Amino acid sequence: MNRQEEFVLRALEERDIRFVRLWFTDVLGYLKSVAIAPAELEGAFAEGIGFDGSSIEGFSRVYEADMVAKPDPSTFQVLPWTTSSGKHHSARMFCDIAMPDGSSSWADSRYVLRRQLNRALELGFSCYVHPEIEFFLLKDSPSKLAPPVPADDGGYFDQAVHDSAPDFRRHVVHALEFMGISVEFSHHENAPGQQEIDLRYADALSMADNVMTLRYLVKEVAIQEGVRATFMPKPFTQHAGSAMHTHMSLFEGEANAFHSPDDPLQLSPIGKSFIAGILEHANEISAVTNQWVNSYKRLVQGGEAPTAACWGASNRSALVRVPMYTPNKASSRRIEVRSPDSSCNPYLTFAVLLAAGLRGVEKGYDLPAQAEDDVWSLSSAERKAMGYRPLPESLSEALTAMEGSELVAQALGEHVFDYFLRNKRHEWSEYSRQVTPFELHNYLAL
């Protein structure tokens, strides 16, 4: 038993923790959990917890169903919930998924990201990310079929008093910080009921764990306050959707590999090639960063989301921008990718973004001229004339681009790549057969 495992066992005893929740994520990004008693944890560290992989989205077929969840002691945190006596009663750890022979499961999202981080390490880089996570708070409804109603009428940066959950953001931030997750900002976003919480930068694997934890805590706090939280990309036709703008940087040891003091934007050749890689492969990775039919209702003209593969300094209408808040601070030189939405699988999203950027660095991609226009205001013909390649406008288009991508197949691994395509093709087929209220309203009188 290593020192981290010993620390966890000691902490459980000292804090009288009654339940240990072992977490992992399926291929689509849904959080899975099994609770064990503290007395069983030593055995779980040694042998893992067996489960039926064929019952988890994308994990295994029924004739190879036996899989093992192995808790990662470095992710141990006590959960913020308390009993009536004020004692904390449960803790969580993320798990790595293994096969019965001990080998890593190719279906494990954490393993997919870890493989890509190891690839970066071979090139001398470590990857740090900082996401801005948006979501909506809704008034509770007795039926999923009822139209959603925002929990407040606030706007961007408003000191809005939530009609239904006045202390919501404060309670979420306290819960996150209790679990050792640092929050940089929290504020009201543009749309009524829309919130944003920005997590302080961390290594990509820890951050993916943090995103999953945030989504869980947001949902739990919302329930406690009598409202609902949704990470659906576009729940309202008339309002902007919920993004997960992802800031990224590569470091070589302690030095920011994206920084160059001699460049007008203080952006190094590595940083430029990294951006060029994301632009070049943007359509191929879109199905992962924006994985739902509803995701493409957000990525439309006039929707405050990118519609073309271009970049710019401080240009929020571009797919990739270079934030210029602190231009002379070497450690803060980073890029911001604005396409991902907050309902993506963060492990797979960070993996394909990193894979695309690293391909640009390895191959020495040239960065095109930056977009200095409001790309949202340009017509399709104008964007094409300026060399801005349009992003996919539907999940079907995104899947077609992904299907022919050697880069995404390599980044995800054959198992996840094939399952993801099959699952999403089925989703598109189911959606295509639906008769929508729009069609009934416009065509029923024909």
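The following exercises, with worked solutions, concern a predicted model.

**Exercise 1.** Determine how helix 3 and helix 5 are oriented relative to each other, and which residues meet.

*Solution.*
Step 1. Helix 3 covers residues 109–122 and helix 5 covers residues 204–224. Their axes come within 10 Å and cross at roughly 155 degrees.
Step 2. Angles over 145 degrees count as roughly antiparallel; therefore helix 3 is roughly antiparallel to helix 5.
Step 3. The crossing of these two helices is right-handed.
Step 4. On the side of helix 3, the residues in contact are Arg110, Leu113, Arg114 and Leu117. They meet Ala204, Leu205, Ala208 and Asp209 of helix 5.
Step 5. Sorted by class, this contact has five nonpolar, no polar and three charged residues.

**Exercise 2.** Describe how strand 1 and strand 2 are joined and paired.

*Solution.*
Step 1. Strand 1 spans residues 19–25, and strand 2 spans residues 31–36. The two strands pair in the antiparallel sense over six bridges.
Step 2. Within this pairing, phenylalanine 24 stands opposite lysine 32 in strand 2.
Step 3. The strands form a hairpin with five residues between them. Glycine 29, in the turn, has a positive phi of about 95 degrees.

**Exercise 3.** Locate proline 368 and decide whether it is buried, partly exposed or exposed.

*Solution.*
Step 1. Proline 368 lies in the loop between helix 9 (346–363) and helix 10 (380–385).
Step 2. The relative accessible area of proline 368 is 45%. Buried means under 20% and exposed means over 50%, so proline 368 is partly exposed.
Step 3. Leaving aside neighbours within four places in sequence, proline 368 is in contact with Leu279 and Trp311.

Methods: Residues are numbered from 1 along each chain as its sequence is written. This is a predicted model: local features need pLDDT of at least 70, side-chain atom pairs count only at pLDDT 80 or more; totals for chains, interfaces and linings use all residues. Side-chain values use heavy atoms; hydrogens and water are left out. Axes are lines fitted to C-alpha atoms, for helices over the stretch in contact, and angles run from 0 to 180 degrees between N-to-C directions. Helices (H or I, at least four residues) and strands (E, at least two) are DSSP runs, numbered from the N terminus. Angles under 35 degrees count as roughly parallel, over 145 as roughly antiparallel, 65 to 115 as roughly perpendicular and the rest as oblique. A crossing is left-handed if the near helix is turned anticlockwise from the far one by less than a right angle, and right-handed if clockwise. Contact means heavy atoms within 4.5 Å. Ala, Val, Leu, Ile, Met, Phe, Trp, Tyr, Cys and Pro count as nonpolar, Asp, Glu, Lys and Arg as charged, and the others, Gly among them, as polar. Buried means under 20% relative accessible area, exposed over 50%, partly exposed in between (1.4 Å probe, protein chains only). Two strands pair if DSSP finds at least two bridges between them.
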